Amino acid sequence: MRGVVSSAMADALQARGLTDAFDLVVGTSAGALNGAAFLAGVARGCTDNYYDADLIRRYIAPRRLLIGRAAVDVAFTLDRENEGLDGDRHRRTAESAAPLHVVAIDVETARPEVLSDLTTIEDLKNGLLATSRLPWLGGPPVDFRGRRWLDGGLADPIPVDAAFALGATHALVLMTRPEGVPRTPAGGLIERIIERRLRALNPDLVPLARDRFAVYEQVVDRIATDRDNNTLGVRLPAGIEPVSQLEKDPATLRAAAEAGRARIAALLED
């Protein structure tokens, strides 16, 4: 749900007619979902849906874990259609002149990989499910292209290196945590359950889960100290309350979206 921030930033860029300024979009997890909406021209609808109370109730339901179902249902959001998210949006993303690339973890190799050539609606949806499949909370790994995939955030939460490997010369990085807010574990019990599930899939996945917080901070530091001036990271100012991963309060999410839009407005004014 913290993706509401980068979704709103993308909305602010789109509202100013800047979609065509980008040659490719690279995303991990919620960032990939937001990138797909951006390329389809529905960044505003995507943002509005983050704080739609009905969607939140359907999307996040921890009680489903008690009956062996996923607590977080990304597939529901991909199939959802309403005034802001039309049914043709996936086709527009798949056929976009600027391609979407998403990062997911290959369960068997325990390595992050870029999923590209998402040029059909079926491939696009499967790629988005793969990059956003949270361990345990999101259900079993996603089967796609003969392999099993998990959320790319385990190893590559901010895929700026992937963008440059794909040929980007400059990158605008839309980040979801305010300045000074580190990435922190969800909690003791949840972390233990996630590690147990990952170990059952492939023991090599466990170090990824343990190291993901340090990896995130390393990438953040590299972006902030970029000396080549080819990477611009956009973050909310320090002091703004961060959005939790499973935030369900519409007012909190709406406020975070407005802060994201305001940050882009201030950046462009500068």
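Visitor: Is F38 buried or exposed?
Guide: This is a predicted model, in which local features need pLDDT of at least 70, side-chain atom pairs count only at pLDDT 80 or more, and totals for chains, interfaces and linings use all residues. Residues are numbered from 1 along each chain as its sequence is written; side-chain values use heavy atoms, without hydrogens and water. Buried means under 20% relative accessible area, exposed over 50%, and partly exposed in between (1.4 Å probe, protein chains only). F38 has a relative accessible area of 5%, so this residue is buried.

Visitor: Where does α10 bend?
Guide: Helices (H or I, at least four residues) and strands (E, at least two) are DSSP runs numbered from the N terminus. A bend is the angle between axes fitted to the seven residues ending at a residue and the seven starting there. In α10 this angle is about 50 degrees, at D211.

Visitor: Which residue of β7 is the bridge partner of V173?
Guide: Strands pair if DSSP finds at least two bridges between them. β6 and β7 run parallel, joined by four bridges. V173 lies on the covered face of β6, and its partner in β7 is G233.
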